[in-house]
Amino acid sequence: MKRLWIILIYITIHLSLYAQETIVVGEIYDAGTGEPLPNVHIYLQGTQVGTTSNTEGLFLLRGDIDRTRTLVVPAVGYHIERFKIEPHTQSGIDVALREK
């Protein structure tokens, strides 16, 4: 019986930690041509959470954030885009970057 309680406590803690994770998925593309933009670095301002878009312009960003943060999408030759991200949520974002 004691072992069962330990397993239940472990599962509860694990699930509660997973529920606190923020997940953002999306696509980055050129607003003028619609072409995907690979290798664009995406990050949550004020954190160590970031990722890079793949060859098809797709990205997946996961992290534990404590408050509303700004998702920053900078790319050379393009205007920087910013989006508000709430903690403990799952979001889908399409980012159309405009050339400078």
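E21 counts as partly exposed, because its relative accessibility is 22%. The model shown here is a predicted one. E21 sits in the loop between α1 (2–19) and β1. What does its side chain meet? The side chains of E21 and R62 form a salt bridge, 3.0 Å from N to O. R62 belongs to strand β4 (residues 58–63), so the pair links distant parts of the chain, 41 residues apart. R62 is partly exposed too, with a relative accessible area of 42%.

Step back to the whole chain. It holds one helix and seven strands. From the N terminus the order is α-β-β-β-β-β-β-β. Of the 100 residues, 31% count as buried. The accessible surface comes to about 6,700 Å², and 56% of that belongs to carbon and sulfur atoms. Take the contacts between residues at least 6 apart in sequence: 47% of them join residues at least 24 apart.

Now turn to strand β5. Which way do its residues point? R69, L71 and V73 point one way, while T70 and V72 point the other way. Both sets are buried.

What pairs with β5? Strand β2 runs antiparallel to β5, and two bridges join them. Y43 has V72 as its bridge partner in β5. Strand β6 also runs antiparallel to β5, here with five bridges. In that pairing V73 stands opposite E81 of β6.

Is T70 buried or exposed? T70 counts as buried because its relative accessibility is 13%, and the cut-off for buried is under 20%. Leave aside its neighbours within four places in sequence. T70 then contacts Y43, L44, Q45, R82, F83 and K84. With K84 there is also a polar contact, side chain to side chain, at 3.1 Å.

Next, the remaining salt bridges. The count for the model is three. R69 counts as buried because its relative accessibility is 11%. D66 is exposed because its relative accessible area is 59%.

E81 brings us back to β6. Its side chain meets that of R98 in a salt bridge of 3.9 Å, N to O. This pair links distant parts of the chain: E81 is in strand β6, R98 is in the segment after β7, and 17 residues separate them. E81 is buried, because its relative accessible area is 18%. R98 is partly exposed, because the corresponding value is 47%.

Two loop residues deserve a look at the backbone. Most residues other than glycine have a negative phi. N39 has a positive phi of about 60 degrees, although it is not a glycine. Where is N39 found? It lies in the loop between β1 (22–30) and β2 (41–44). N39 counts as exposed, because its relative accessibility is 63%. H88 also has a positive phi, near 60 degrees, and is a residue other than glycine. H88 lies in the loop between β6 (81–85) and β7 (90–97). H88 is partly exposed, because its relative accessible area is 40%.

Technical notes. Residues are numbered from 1 along each chain as its sequence is written. This is a predicted model: local features need pLDDT of at least 70, side-chain atom pairs count only at pLDDT 80 or more; totals for chains, interfaces and linings use all residues. Side-chain values use heavy atoms; hydrogens and water are left out. Buried means under 20% relative accessible area, exposed over 50%, partly exposed in between (1.4 Å probe, protein chains only). A polar contact is a pair of N or O atoms within 3.5 Å; within protein, one must be able to donate a hydrogen and the other to accept it, and residues adjacent in sequence count only if both atoms are side-chain atoms. Contact means heavy atoms within 4.5 Å. Helices (H or I, at least four residues) and strands (E, at least two) are DSSP runs, numbered from the N terminus. Two strands pair if DSSP finds at least two bridges between them. Accessible areas come from the Shrake-Rupley method with a 1.4 Å probe; for residues, only the protein chains shown count as cover. A salt bridge is a side-chain nitrogen of Lys or Arg within 4 Å of a carboxyl oxygen of Asp or Glu.
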